[in-house]
Amino acid sequence: MGLRFSQPASNPFTSSSFLPSFKRSSSRSFNPPLQSLHPSIFATLRRPPAAKPNDFIPLFCDCVSAASSRTQEYLGFQDPEHKFHPSPETLTQIFLMTYVTQSVNLNLTDAFSCSAMTPQQRVLLGADWVWALLDKPTKTPKVQIAVQVLHLPGGTAAERSASTAAVTAIASESVQIAQRESEHRNVQERLVDFCSSVGKDCYALFLFFGKKNDKENIYGVLSNNFEAAIVKCSRIDRTLIENFFKGSRYLHTPSGMMQAVVTKKRDDPLTLVIKFS
């Protein structure tokens, strides 16, 4: 009696009935690998660079360059008929408005602000505007630069007298009161007093729109230590400030000025001579 072996009907690995069950089983058992809790090195490389404290300096320099170039067009202007003479007030406004426009276009205002003074503030504080480096979270000024523009004396005595009379006629009562309260100090001393009252992180910047031997360029003298002249019983006036140019062998750029300001140790004195154009 022999044993009989039955042959399988087909290969089980090619059976159509096997494949669907394999697919179903595979779809149920497949689990994607869990993502690592640690970011890959490539994710780290894609992170935007962290903002540096001095990132505002190139933007500031672009704004100052635009303002200086625009103002120079009027500093060097010569009317053939001698009828058009831009007033000092107009030149100051041209510089300031050009700077403000450019700073807004470059989104600089969140890091570095510019505040124009009211007529009363200009009389009391001696500043045309104040630049301030801001602490981003709180918008608190970390460094302030109070700017006073000094213009070349021009025009005849009669023209200067007429201009002064016109300013006096349109001055408001509050401005006249401010003038009386500060009449014992000149405009340069008012600016120095204001900066000294704030501290060593507040600088007085005297901005010269032209000098006697160079009427078409813009220069500046910046210091947080002008009060030292008061201690020596020296009067702070235009002559004293102009003397800084005589003793200086090097003129800083606006970029060099800001770099020196932000890297200076707290309470250290700093005095610089700068060429802005």
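**Figure 1. Confidence along the chain of this predicted model.** The average pLDDT (the predictor's confidence in each residue, from 0 to 100) is 79 for the chain, and 69% of the residues score at least 70. Residues 1-6 fall below 50 and have 0 contacts (heavy atoms within 4.5 Å) beyond near neighbours in sequence. Residues 8-27 also stay under 50, with 1 contact beyond four places in sequence. Where pLDDT is low, the predicted coordinates should not be read in detail. Residues are numbered from 1 along each chain as its sequence is written. Local features need pLDDT of at least 70 and side-chain atom pairs 80 or more, while totals for chains, interfaces and linings use all residues; side-chain values use heavy atoms, leaving out hydrogens and water.

**Figure 2. Asparagine 186, in the loop between α7 (173-181) and α8 (187-198).** Have a look at where this side chain goes. One of its polar atoms lies 2.7 Å from the backbone nitrogen of glutamate 189, and the side chain also reaches the backbone oxygen of isoleucine 236 at 2.9 Å. Leaving aside residues up to four places away in sequence, asparagine 186 touches Arg235, Ile236 and Asp237. Its relative accessible area is 15%, so asparagine 186 counts as buried (under 20%, with a 1.4 Å probe and protein chains only).

**Figure 3. Lysine 139, in the loop between β2 (129-135) and β3 (140-151).** Here phi is positive, near 65 degrees, in a residue other than glycine. Most residues other than glycine have a negative phi. Lysine 139 has 41% relative accessibility.

**Figure 4. Aspartate 267, in the loop between α11 (254-263) and β6 (271-275).** Aspartate 267 isn't a glycine either, yet its phi is positive, about 75 degrees.

Methods
Helices (H or I, at least four residues) and strands (E, at least two) are DSSP runs, numbered from the N terminus. Buried means under 20% relative accessible area, exposed over 50%, partly exposed in between (1.4 Å probe, protein chains only). A polar contact is a pair of N or O atoms within 3.5 Å; within protein, one must be able to donate a hydrogen and the other to accept it, and residues adjacent in sequence count only if both atoms are side-chain atoms.
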